[in-house]
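Here is a short report on one helix and on a set of charged pairs. Please keep the sequence and the structure in view while reading.

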Amino acid sequence: MSEWTLKEKSAGELVVTIEGDEWKKDVEKAFSKLGKEVTMNGFRKGQVPKKMLEHAIPERNRELEAIYDNANSWLQAALKEQNLEPISQPTLDIRSADPEKAVVVFEFAIMPEASVSDYKGLEYHMDDTSVSEEEFNKEIDRMRENFADMETKDGEAENGDTVDINYEGFKDGVPFDGGKADNYNLVLGSGSFIPGFEDQLVGAKAGEEKELNLKFPEDYHAADLAGKDVVFKVKVNEVKRKVLPEVDDDFAKDVNAKGVETAEDLKKMVRERLEKQKKQTAEDKGDNDLLDQLLAKTEVEIPDVLVEDEVNNRINQLSAQIQQYGMKLNSYLSMMGTTLDQLKKDYEEDSRKAVKTRLALDAVAKAEGLVPSEEEVEKEFGDIAAQYGMTVDRVKAAISRAAVEQQLSEDKAFRFIKKNAVGAPAVEEPEAHEAEEGTDASAAE
């Protein structure tokens, strides 16, 4: 017999009572097990008479052994009886035990049920996606910068010009480490050097030599130079200026973009690309706002264990990312001046929001009966395989089908909410097709 009581944050207690013949049988079995370990003078291990064992093994010990031996099977039977699925490790507490019955309590959390109201007809906010002439010209100029030529300039150097220089730095008349270079190309106005260095080269000409009296910033990374007065001796070898190409057919061909042969083709491509980028940015922002509205209409008590799991998942993802650069998590945290505990705190708020979002979308999916088809699930496995260069079979071995189905249900739920929002752009449904098991990544689409 079992009884489930739900408490705060989807945590509860499952009280299981074992009595009658079942309990007596379990205790007798535990007694027999314990008896095999008892040794007494005159008897071999496991051969002590039962009457003597009854005095040697207290009733309480038999009952406790019976509970520990059978607790898991009792738990599984009770979970099935109550139709429960723990999301945290159950803890065991023995409420009572006597020759007639045992009462044990399992405490754990279950997946909470979110309550979402009025999720149809939400307001979708979409920023303006039109491309201004200023934005268009700025992008064209950026492209021209990438294809610019450098030519020698006879006159004085100006901000934006590049000067080829030899320089050497002195502190108290003595050269300091790292303060010397020859034929260094410095873009004036770039802020590459300490304050004042580039400013004092504005107006210089090729062949000119200058002494720059400067002071290193107080927070400079080299302690022996921080806040110190220094002199840089500089020779200007050459002054170069950037020459931007004209936006003509030749430039369009140099860009080497598919389908672009003329200046008009280039302008059309740039404008369409900017419009697509702005639309995507605006839609991403609109989607996030829509989710915030959904969360405002969602009531749910979030178990701490779900937040902890999400935090740990994010930390594991970060660890995997930095390992690609040959760095361990501890080294990364030290370099960033933080600790693992602080990182967990930093992740907590976003993790809690992510968990609430999933629970809200799950509730909508359940309310609307949004279940992915077999075809959609197979396509998702194929898409993942293609993304990571794996076979579909390997992906299925690594990712549970339940996890894929849940993600697809949540995606369906969000598309449903967006489709029913006021002012939302048209929602495109993904095309589904069946992926073949065992295919390689190139054939898994």
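This is a predicted model: local features need pLDDT of at least 70, side-chain atom pairs count only at pLDDT 80 or more; totals for chains, interfaces and linings use all residues.

## Helix α12

Helix α12 covers residues 401-419. Its 19 residues should span 27 Å at 1.5 Å a residue, and the end C-alpha atoms are 27 Å apart, so the two values agree.

Buried residues of α12 include V404, L408, F414, F416 and I417. The buried residues of α12 pack against α6 (263-296), α9 (340-368) and α10 (374-388).

## Bridges between α6 and α4

The model has 32 salt bridges. One of them pairs R271 with E133, with 3.0 Å between the closest N and O atoms. R271 is in helix α6 and E133 in helix α4 (residues 133-146), so this pair links parts of the chain 138 residues apart. R271 counts as partly exposed because its relative accessibility is 25%. E133 is also partly exposed, at 47%.

K278 and E135 form a salt bridge as well, at 3.2 Å from N to O. K278 lies in α6 and E135 in α4, so the pair ties together parts 143 residues apart in sequence. Both side chains belong to partly exposed residues: K278 at 25% and E135 at 33%.

E348 bridges to R352, with the closest N and O atoms 3.6 Å apart. Both lie in helix α9, four residues apart, about one turn of the helix. Residues three or four places apart point the same way, because an α-helix has 3.6 residues a turn. E348 is partly exposed at 37%, and R352 is partly exposed at 29%.

Salt bridges with shared partners join E374, E378, K396, R401 and E405 into one network.

Conventions. Residues are numbered from 1 along each chain as its sequence is written. Side-chain values use heavy atoms; hydrogens and water are left out. Helices (H or I, at least four residues) and strands (E, at least two) are DSSP runs, numbered from the N terminus. The expected span of a helix is 1.5 Å times one less than its number of residues. Buried means under 20% relative accessible area, exposed over 50%, partly exposed in between (1.4 Å probe, protein chains only). Contact means heavy atoms within 4.5 Å. A salt bridge is a side-chain nitrogen of Lys or Arg within 4 Å of a carboxyl oxygen of Asp or Glu.
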